[in-house]
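I opened this entry to keep track of what I looked up, residue by residue and then by element. The notes follow the order in which I checked things.

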Amino acid sequence: MNLTVGQKAAYERDGFLVFPNLVSPEEVALLRSEVVRLRDVDAPGVVREGSSGAPKSMFRLHEDNGPGASPVFRALSRTPRVLGVAQQVLGERDLYLHHSKVNVKAAIEGSVWPWHQDYGSWQLDGIQRPELATFAVLLDDATELSGCLYLLPGSHKWGRTEAYLDTSTAYRLWSVTPEDMKRRMSESPPPVALAGKAGTCAIFECNLMHASGHNLSNNDRWQAYFCFNTCKNRPVDVENPRPDYVRSTNWAPMQPVDDSAVLDSVITEVV
Ligand SMILES: O=C(O)CCC(=O)C(=O)O
């Protein structure tokens with residue numbers, strides 16, 4: 001899938017692009033069945049929250065080994081629609097996934113993601129330059145009530161903003177302080193809600209401010225994320241690196257597959 005000149009200019013200006021209906025209803029159904037298959041797996045890459053112990057995040061779906069491995073998510077991450085778009089916005093052919101995950105924002109209980117830049121965490125992983133992009137896939141119809149993602153247009157141009165470790169949510173997150181965000185937002189265009197039908201996708205720059213609210217609806221809000229880095233920007237060694245499921249050490253360039261590979265993928269036994 002080739003981005004148009006207009007799309008490339010919009011990514012440069014706003015820091016994100018949205019693609020309605022990029023993933024078909026049949027593909028969404030298959031991806032959702034994978035989330036159901038994997039959500040009870042007891043793996044280090046599953047972060048739970050709430051009285052139900054529902055997963056908040058399930059990591060490392062894209063590899064071909066490990067308890068959370070999914071051939072369907074792996075295939076999707078390598079299609080021209082996903083890998084190809086990431087290659088174009090990052091201007092590099094050789095990419096790998098720093099991590100992949102599904103955020104399962106459970107009905108009523110699924111909680112907030114404070115305003116943050118992904119590079120706030122990834123810099124601490126030893127990644128030297130903000131040359132990453134995150135590809136998001138809506139696996140439900142996402143609404144403002146169900147805690148859809150918000151993107152702040154143009155905020156990637158601010159560069160790195162000082163982050164603090166917010167420990168108030170199930171997933172400890174390097175976030176931007178409320179004071180900084182209030183000041184920044186008073187000078188910025190309004191946030192854009194990534195609300196829409198299941199199968200809608202977006203790609204956003206790693207310094208783009210984004211956040212989402214609590215899920216007050218009676219439906220879960222499931223969303224997949226593929227976080228692409230360029231192979232030449234792989235992290236340098238750091239003391240006490242985060243686990244492999246969130247800071248991948250598989251830096252081999254991803255090999256593309258056809259778009260049809262998602263529906264063609266079969267569940268094979270994983271090691
Ligand atoms: O899924 C969400 O609502 C937000 C996730 C997010 O911002 C992140 O994982 O960095």
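Entry 1, Pro25. I started with Pro25, which sits in helix H2. The model is a predicted one. Is Pro25 buried or exposed? I found 11 C-beta neighbours inside 10 Å, so Pro25 counts as exposed; the cut-off for exposed is 12 or fewer.

Entry 2, Pro20. I moved to Pro20, in the loop between strand E1 (16-19) and H2. Pro20 has 11 C-beta neighbours inside 10 Å and therefore counts as exposed. Which residues does Pro20 touch, leaving out those up to four places away in sequence? I listed Gly196, Lys197 and Thr200. From Pro20 to Arg160 I noted 29 Å, C-alpha to C-alpha, for 140 residues of sequence separation.

I checked the length of H2 (residues 25-38) against the helix rule. At 1.5 Å a residue, its 14 residues should span 20 Å, and the end C-alpha atoms are 20 Å apart, so the two agree. I then listed the buried residues of H2: Glu27, Val28, Leu30, Leu31, Glu34, Val35 and Leu38. They lie on the same side of H2, because the arc they cover around the axis is only 165 degrees. As background, I wrote down that an α-helix has 3.6 residues a turn, so residues three or four places apart point the same way.

On the face of H2 turned away from the buried side I found the exposed residues Pro25, Glu26, Ala29, Val36 and Arg37. What covers the buried residues of H2? The cover includes strands E3 (54-59), E4 (95-105) and E13, together with helices H3 (71-77) and H7 (261-264).

I repeated the check on H4 (residues 80-90), where Val82, Leu83, Val85, Ala86, Val89 and Leu90 are buried. Their arc around the axis is only 165 degrees, which puts them on the same side of H4. Among the elements covering these buried residues I noted helix H1 (5-14), H3, E4, strand E6 (132-138), strand E11 (201-205) and E13. After H4 comes Gly91, with a positive phi near 65 degrees.

Which residues surround the ligand? I listed Asn103, Trp113, Asp118, Leu149, His210, Ser212, Gln223 and Tyr225. Strand E12 (210-212) and strand E13 (221-230) are the elements that give two or more residues to this shell. By class I counted 3 nonpolar, 4 polar and 1 charged residues around the ligand.

The protein chain has 7 helices and 13 strands. Its C-alpha trace spans about 50 × 45 × 40 Å along the principal axes. For 271 residues a compact globule would have a radius of gyration near 18 Å, and the chain has 17 Å, which agrees. Buried residues make up 44% of the 271. Of the contacts with a separation of 6 or more, 85% join residues 24 or more positions apart.

How values were computed:
Residues numbered from 1 in each chain as written. Predicted model: local features only at pLDDT ≥ 70, side-chain atom pairs only at ≥ 80, totals over all residues. Near = placed C-beta within 6 Å. Helix = DSSP H or I, 4+ residues; strand = E, 2+ residues; numbered from the N terminus. Nonpolar A, V, L, I, M, F, W, Y, C, P; charged D, E, K, R; others polar. Expected span 1.5 Å × (residues − 1). Buried ≥ 20, exposed ≤ 12 C-beta atoms within 10 Å, placed from the backbone. Arc of directions from axis to C-beta. Contact = placed C-beta atoms within 7 Å. Rg over C-alpha atoms; globule rule 2.2 N^0.38 Å.
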